[in-house]
Amino acid sequence: MTPYADLHCHSTFSDGTSTPTEIVEMAKNLGFKAVTLTDHDTTLGLPELFAAAEINGLNAISGIEFSCHLDKESVHVLAYNFDPSHPAIVELEKKHFERRLDRSQKMQAKLKTLGIDVDLTKTQAKGVIGRPHIAALLIEKGIVKDIKEAFTRFLGEGKAGYVEAFTITLDETLSVIKQAGGVSILAHPHLLSESSQFNRLIKYPFDGVECFYGNFTMQQNDRYLKKAKEKNLLITGGSDFHGLRKPLVRYGSSFVTEESFLKLKSQHN
Ligand code: AMP
Ligand code: ZN
Ligand code: FE
Ligand code: FE
């Protein structure tokens, strides 16, 4: 299988540490022929990605990773090949931007009650803010030694600085992607908290499944590949590269072939 594109990665516009230009350069160095960027809830990095892809002679498609929920379970949905300026996308991004800002301010207030002052204006986020940015501030202040400790002591679910995320429903997210002409992909089913959730989620109107993911093995991917083929869904794959924030996951560790990429690119809603 010749790698053609890594369809899942994060840049400095969300919680990654590489710029879109650096990501394009990595793709080029690996011999990939196409690129996308799937920042959390934002498309702000796409203009830079498209410009760098053009300079480097790579094919580029739009991408994003939406956070949403089904009942109480958090679900990530990847979208590709949509119009980033479509009003429904712009509106959904705005909702996410506001809820992330509100949540981070609430986490800041909670940390203050513990005697910890974090200055949110000092975060490196060029697009949206998330818990990894607050973790970086805690590391910078010397309160924790690394991101792991920041989550286990303060930012993980139920910890002293944690504030629940109120995201958007899965139904609304899928509907917006469709309105904007995009394809929707169930992201990393490998990470669902209970494996039975996959059987429930796959009944929703996704266009495809992210079968190849990060450092997971072909054996671990097989269950998702089988189901995607059975239901005639698109098959995608990507690393979920975050740069230094996820040092064990390198760009290109999972990918799609040319055939899967062209199938995805030719599918519009
Ligand atoms: P948020 O979207 O603000 O809720 O932050 C979620 C992000 O935090 C995820 O995309 C992960 O990259 C990161 N994250 C979640 N849990 C941990 C953890 N235990 N250690 C390090 N990073 C984490
Ligand atoms: Zn992330
Ligand atoms: Fe994700
Ligand atoms: Fe991701």
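**Figure 1. Ligand 1 and the residues around it in the predicted model.** An oxygen atom of ligand 1 lies 2.8 Å from a polar backbone atom of R131, and an oxygen atom of ligand 1 is likewise 2.8 Å from an N or O atom in the side chain of R103. For R100, a polar side-chain atom is placed 3.4 Å from an oxygen atom of ligand 1; a polar contact is a pair of N or O atoms within 3.5 Å, where within protein one must be able to donate a hydrogen and the other to accept it, and residues adjacent in sequence count only if both atoms are side-chain atoms. The surroundings of ligand 1, taken as residues with a heavy atom within 4 Å of it, consist of D15, H40, R100, R103, G130, R131, P132, I147, F151 and H242. This is a predicted model, in which local features need pLDDT of at least 70 and side-chain atom pairs count only at pLDDT 80 or more, while totals for chains, interfaces and linings use all residues. Residues are numbered from 1 along each chain as its sequence is written, chains are lettered from A and ligands numbered from 1 in the order in which they are written, and side-chain values use heavy atoms, with hydrogens and water left out.

**Figure 2. The site of the zinc ion (ligand 2).** D15 (OD), D15 (OD), H40 (NE2) and H242 (NE2) coordinate the zinc ion (ligand 2) at 2.0 to 2.6 Å, donors being N, O and S atoms within 2.8 Å of the metal (3.2 Å for Na, K and Ca), and since water is not among the atoms, sites may look incomplete. Along the chain, the donors of the zinc ion (ligand 2) have the spacing D-x24-H-x201-H. D15 belongs to the segment before α1 (20–29) and H40 to the loop between β1 (34–35) and α2 (46–56), so the pair ties together parts that are 25 residues apart in sequence; helices (H or I, at least four residues) and strands (E, at least two) are DSSP runs, numbered from the N terminus. Both D15 and H40 are buried, that is, under 20% relative accessible area, where exposed is over 50% and partly exposed in between (1.4 Å probe, protein chains only).

**Figure 3. The iron ion (ligand 3) and its protein donors.** The iron ion (ligand 3) is coordinated at 2.1 to 2.2 Å by E65 (OE), H76 (ND1) and H188 (NE2), whose spacing along the chain is E-x10-H-x111-H. E65 also coordinates the iron ion (ligand 4), which is 3.4 Å from the iron ion (ligand 3). Because E65 is in strand β3 (residues 63–70) and H188 in the loop between β6 (183–186) and α7 (196–201), the pair ties together parts that are 123 residues apart in sequence. E65 and H188 are both buried.

**Figure 4. The surroundings of H8.** H8, in the segment before α1, is buried at 0% relative accessibility, and its side chain is joined to that of H10 by a polar contact of 3.4 Å. Leaving aside residues up to four places away in sequence, H8 touches (heavy atoms within 4.5 Å) several residues, among them E65, H188, E210 and D240.

**Figure 5. C68 and C211.** The whole structure contains 0 disulfides, a disulfide being a pair of cysteine sulfur atoms within 2.5 Å. For C68, the nearest cysteine sulfur is that of C211, 18 Å away, which is too far for a bond. C68 is buried, with a relative accessible area of 1%, and C211 is buried at 0%.
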